[in-house]
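Take a look at the chain below before reading on.

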Amino acid sequence: MLLNEAQIEAKLADAARRGAFDDLPGAGRPLELDDDRAVPEELLMAYRVLKNAGYVPEAVRIRGEIASAEALLQAADDEASRQHAARRLRLLLDRLNQSGEGRAMVSESGYFRQLCERMDGSAR
């Protein structure tokens, strides 16, 4: 038996009225969703299946490391930390660009290179 969206919504609304969702683990807290913003929509389902099987594509792993490096760069409170984070970010972006998965990354626009030059005082 296949249900259409209206039937599903009606069943969910009925369950909510009965209180079926009241005592679920994590109730009242934000959901902890995976950050899949970097994954193209047409690949999202395939990546999710691979991830559930324990495999994470290299480009997705690198993009996660890029997000971490960007956060470290923003949080750096001294020049040495900023330079280290900028070098790490540049390395990761270069690695992603070389893999062919990062063609649209900021590093190709020149903005990233200018930022790095300003941060560490040397041209790459």
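A salt bridge here is a side-chain nitrogen of Lys or Arg within 4 Å of a carboxyl oxygen of Asp or Glu. By that rule, Glu58, Arg61, Glu65 and Arg88 are linked in a network of salt bridges.

Some ground rules come next. The model is predicted, so local features need pLDDT of at least 70, side-chain atom pairs count only at pLDDT 80 or more, and totals for chains, interfaces and linings use all residues. Residues are numbered from 1 along each chain as its sequence is written, and side-chain values use heavy atoms, with hydrogens and water left out.

Now the overall fold. The protein chain has five helices and zero strands. Read from the N terminus, its elements run α-α-α-α-α. Helices (H or I, at least four residues) and strands (E, at least two) are DSSP runs, numbered from the N terminus. Of the 124 residues in the protein chain, 21% are buried. Buried means under 20% relative accessible area, exposed means over 50%, and partly exposed lies in between (1.4 Å probe, protein chains only).

Which residues of helix 3 are buried? They are Ala59, Ile62, Ile66, Ala69 and Leu73. Seen down the axis of helix 3, these buried residues fall within an arc of 75°, so they line one face of the helix. The arc is that of the directions from the helix axis to the C-beta atoms. On the other side of helix 3, Leu72, Gln74 and Ala75 are exposed.

Ile66 sits in helix 3 and is buried, at a relative accessible area of 3%. Its C-alpha is separated by 9.3 Å from that of Leu96, 30 residues apart along the chain. Ala69 also has its place in helix 3. At 4% relative accessibility, Ala69 counts as buried. The C-alpha atoms of Ala69 and Arg88 are separated by 6.7 Å, with the two residues 19 apart along the chain.

Next, the core. In soluble globular proteins, nonpolar side chains tend to be buried together. The largest nonpolar core here has 11 residues. They are Ala59, Ile62, Ile66, Ala69, Leu73, Ala85, Ala86, Leu89, Leu92, Leu93 and Leu96. Helix 3 and helix 4 (79-98) are the elements that give two or more residues to this core. The largest share, six residues, comes from helix 4. A nonpolar core is a set of buried Ala, Val, Leu, Ile, Met, Phe, Trp, Tyr and Cys residues joined through side-chain atoms within 4.5 Å.

Back to the charged side chains. How many salt bridges does a search of the whole structure find? It finds six. One of the pairs is Arg61 and Glu65, whose side chains meet at 2.0 Å, N to O. Both lie in helix 3, four residues apart, about one turn of the helix. Arg61 counts as partly exposed at 33% relative accessibility, and Glu65 counts as partly exposed at 21%.

Helix 4 holds a pair too. Glu79 forms a salt bridge with Arg82, and their closest N and O atoms are 3.3 Å apart. Glu79 and Arg82 are three residues apart in helix 4, about one turn of the helix. Glu79 is partly exposed at 38%, and Arg82 is partly exposed at 24%.

Helix 1 supplies another. The side chains of Asp14 and Arg17 meet in a salt bridge at 3.7 Å, N to O. Being three residues apart in helix 1, Asp14 and Arg17 are separated by about one helical turn. Asp14 counts as partly exposed at 32%, whereas Arg17 counts as exposed at 65%.

Last, the surface. Leu3, Ile8, Leu12, Phe21 and Leu24 form a nonpolar patch there, with about 410 Å² of accessible area together. Patches are made of residues with over 30% relative accessible area and no salt bridge: like charges are joined within 9 Å, nonpolar side chains (Val, Leu, Ile, Met, Phe, Trp, Tyr) within 5 Å. Accessible areas come from the Shrake-Rupley method with a 1.4 Å probe; for residues, only the protein chains shown count as cover. Ile8 is partly exposed, with a relative accessible area of 38%.
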